[in-house]
Amino acid sequence: MQAIGETLFDALYLTFAFITGVVLLVKGRSYVRLFGAMAVVLAAGDSFHLIPRCYALFTDGLAAHTALLGTGKFITSITMTLFYIILYYIWMELYGKRNSKLTVTMWVLAALRIILCLFPQNGWTSPEPSLLWGILRNIPFAAIGIILIVLFQKSTSEDDPLRHMGLAIALSFGFYIPVVLLAGVFPAVGMLMIPKTLAYVWVVVMGIQLFRKDM
């Protein structure tokens, strides 16, 4: 039952994000095209983790595919970093606020996050990946998220299609952090990845609303 339900959810999510991304890339203005690129990166990155996970659920279980699933998580960790960097450029395009120091800060945080992900001490393919390194690599990632939350909260107005972007980002991190900290001890906490994914769907939906406003 878990295999069917999870696979259906993941298939709908990946299909929605990818198709929406392609449409926005083809038909939107510059900042809408950035939204499209962001959605495609989201779908492509998550597919490296979700498709192997669905395969494992339908075959001999998650434990038998630790290395494959770990590699998928590693790729997703990098693509999610790019996802938020693209979102930062969307903020710049939409609100015309360019700050070279802030841009450098965002790229330094992103580079630090990716570099930390590359260390073998993470134990991506291990049955017991390092909790310490899980925390370390997510510190710059969380910093990126906090900066974006503040930027969107300060820049959006009540009639702005992206007025809830800060909340969506906060929810995505709010559901993600307990998984990083506790999923190794309490596997059921991993279920929080479902509302985390729905927060990303909300982000993509806001991109659709922005596209419709420009039509």
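A: Start with the handedness of a helix pair: H4 and H5 cross in a left-handed sense. The residues in contact include Leu102, Met106, Leu109, Arg113 and Leu116 on the H4 side, and Trp133, Leu136, Pro140, Ile144 and Leu151 on the H5 side. Keep in mind that this is a predicted model.

Q: At what angle do H4 and H5 pack, and how far apart are their axes?
A: The angle is about 155°, and the axes are 8 Å apart. Angles over 145 degrees count as roughly antiparallel. H4 and H5 are therefore roughly antiparallel to each other.

Q: Are H1 and H7 roughly parallel or roughly antiparallel?
A: The reading again begins with the angle. The axes of H1, residues 2-27, and H7 cross at roughly 25° and come within 11 Å. Angles under 35 degrees count as roughly parallel, so that is the label for H1 and H7. Their crossing is left-handed. On H1 the contact is made by Phe9, Tyr13, Phe16, Thr20, Leu24 and Lys27. On H7 the contact residues include Ile194, Leu198, Val201, Val205, Ile208 and Phe211.

Q: Which residues of H1 are buried, and what covers them?
A: Buried means under 20% relative accessible area. In H1 the buried residues are Ala3, Glu6, Asp10, Tyr13, Leu14, Ala17, Thr20, Gly21 and Leu24. The elements covering them include H2 and H7. As for length, H1 has 26 residues, and its first and last C-alpha atoms are 37 Å apart, close to the 38 Å expected at 1.5 Å a residue.

Q: Where do the buried residues of H6 fall when seen down its axis?
A: The general idea comes from the helical repeat. An α-helix has 3.6 residues a turn, so residues three or four places apart point the same way. In H6 the buried residues are Met165, Gly166, Ala168, Ile169, Ser172, Phe173, Tyr176, Val179 and Val180. Down the axis they fall within an arc of 155°, so they line one face of H6. They pack against H2, H3, H4, H5 and H7.

Q: How should I read a single residue? Is Thr76 buried or exposed?
A: Compare its relative accessibility with the cut-off. Thr76, in helix H3, has 12% and so counts as buried. Beyond its neighbours within four places in sequence, Thr76 is in contact with Gly45, Asp46 and His49.

Q: Where is Gly190, and which residues does Gly190 touch?
A: Gly190 sits in the loop between H6 and H7 and is partly exposed, with 26% relative accessibility. Not counting residues up to four places away in sequence, Gly190 touches Val179 and Ala183. Pro178 is 12 residues from Gly190 along the chain, and their C-alpha atoms are separated by 8.4 Å.

Definitions and conventions:
Residues are numbered from 1 along each chain as its sequence is written. This is a predicted model: local features need pLDDT of at least 70, side-chain atom pairs count only at pLDDT 80 or more; totals for chains, interfaces and linings use all residues. Side-chain values use heavy atoms; hydrogens and water are left out. Buried means under 20% relative accessible area, exposed over 50%, partly exposed in between (1.4 Å probe, protein chains only). Helices (H or I, at least four residues) and strands (E, at least two) are DSSP runs, numbered from the N terminus. The arc is that of the directions from the helix axis to the C-beta atoms. Contact means heavy atoms within 4.5 Å. Axes are lines fitted to C-alpha atoms, for helices over the stretch in contact, and angles run from 0 to 180 degrees between N-to-C directions. Angles under 35 degrees count as roughly parallel, over 145 as roughly antiparallel, 65 to 115 as roughly perpendicular and the rest as oblique. A crossing is left-handed if the near helix is turned anticlockwise from the far one by less than a right angle, and right-handed if clockwise. The expected span of a helix is 1.5 Å times one less than its number of residues.
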